[in-house]
Amino acid sequence: MSYMRGDLLTKTRKLVKGLAKPAPTWLKAMEEAPPVTFPRVDGKIKKIEMPEDVYVKKFFKKHPDSLYHDAIKISGFDPPPARVFAWRVLELKEQGVSEDYAMAVADFEYRKEKKAKKKAYKELKEIARSEGKEPPPDPYPSAIKEIQAEEKKYVLDRFYNPKVIEIANKMKEERDMLLQDRAASGRW
């Protein structure tokens, strides 16, 4: 009974002792082998911390632009670069390397991988242009550019959608009327 304080055994014991209720048949067996009691929760949920979280924070301090450019794909299988960096640092530390050296090696590998990705995309674009095709979409676009691409249709919509144009014209007329009223009353 989740709405009651205390457990069923102590409540029943008190009721039987106070002669408010006859002793149930299960009471004697339950007193001999009482149920397991679990500790109560304080109501505070502890934050889950992984061993690599320290290095993830250090990564973002060193590469703040990565927060926006290396988007976390929730439906993707590839871990974000910050986690890969942190895992590599932990792996090197397990091998007995100092923390500073491990971070330097992991940072070098991150930069090398990023350059390789950019170079591969650049070569793909050159190949597509030489064949006369449209260049492929960037496989590693920044999160900001992805959001802008999603919003582009709505931005263009305000120039060509007749309903939006009508609303904008009404707003302009209202503003002009308000300015005329202010000028007429002298409260400019």
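Predicted model: local features only at pLDDT ≥ 70, side-chain atom pairs only at ≥ 80, totals over all residues.
**Helix pairs**

| Helix pair | Axis separation | Crossing angle | Hand |
|---|---|---|---|
| α3 and α5 | within 8 Å | roughly 125° | right-handed |
| α5 and α6 | within 9 Å | roughly 140° | right-handed |
| α7 and α8 | 6 Å | about 70° | right-handed |

Take α3 and α5. Their axes cross at roughly 125°. Angles from 65 to 115 degrees count as roughly perpendicular, and those over 145 as roughly antiparallel. The pair α3 and α5 is therefore oblique. From α3, the contact uses Asp53, Tyr55, Val56, Phe59 and Phe60. From α5, the partners are Pro81, Ala82, Arg83, Phe85, Ala86, Val89, Leu90 and Lys93. By class, this contact of α3 with α5 holds 10 nonpolar residues, no polar ones and three charged ones.

Helix α5 also packs on α6, with axes that come within 9 Å. The crossing angle is roughly 140°, so α5 and α6 are oblique to each other as well. On the α5 side, the contact is made by Pro81, Phe85, Arg88, Val89, Leu92 and Lys93. On the α6 side, the residues are Glu99, Ala102, Met103, Val105, Ala106, Asp107, Glu109 and Tyr110. The contact of α5 with α6 has nine nonpolar residues, no polar ones and five charged ones.

The last pair joins α7 (residues 143–160) and α8 (residues 162–185). Their axes are 6 Å apart and meet at an angle of about 70°. That angle makes α7 roughly perpendicular to α8. Asp157, Arg158, Phe159 and Tyr160 of α7 make the contact with Pro162, Val164 and Ile165 of α8. Five of the residues in the contact of α7 with α8 are nonpolar, none is polar and two are charged.

**The nonpolar core**

Which residues have the most contacts inside the largest nonpolar core? They are Tyr55, Phe59, Phe85, Val89 and Met103, in a core of 13 residues. In soluble globular proteins, nonpolar side chains tend to be buried together.

Val89 is worth a look. Beyond residues up to four places away in sequence, Val89 touches Tyr55, Ala102, Met103 and Ala106. Val89 of α5 is listed in the contact with α3. Val89 is also listed in the contact with α6.

Is Asp107 buried or exposed? Asp107 has a relative accessible area of 7%. Buried means under 20%, so Asp107 is buried. This aspartate sits in helix α6. Apart from residues up to four places away in sequence, Asp107 touches Lys62, His63 and Phe85.

Trp87 is in helix α5. Its relative accessibility is 40%, which means that Trp87 counts as partly exposed. Trp87 contacts Glu52 and Pro79, leaving aside neighbours within four places in sequence.

Where does Leu19 lie? Leu19 is in the loop between α1 (8–17) and α2 (27–32). Its relative accessibility is 78%, so Leu19 counts as exposed. The backbone of Leu19 deserves a check. Most residues other than glycine have a negative phi. Leu19 is not a glycine, yet its phi is positive, at about 60°.

How are Leu19 and Trp87 placed relative to each other? They are 68 residues apart along the chain, and their C-alpha atoms are separated by 65 Å.

Technical notes
Residues numbered from 1 in each chain as written. Heavy atoms only, no water. Axes fitted to C-alpha atoms, helices over the stretch in contact; angles between N-to-C directions. Helix = DSSP H or I, 4+ residues; strand = E, 2+ residues; numbered from the N terminus. Parallel < 35°, antiparallel > 145°, perpendicular 65-115°, else oblique. Left-handed = near helix turned anticlockwise from the far one by under 90°. Contact = heavy atoms within 4.5 Å. Nonpolar A, V, L, I, M, F, W, Y, C, P; charged D, E, K, R; others polar. Core = buried A, V, L, I, M, F, W, Y, C linked by side-chain atoms within 4.5 Å. Buried < 20%, exposed > 50% of the residue type's maximum accessible area, 1.4 Å probe, protein only.
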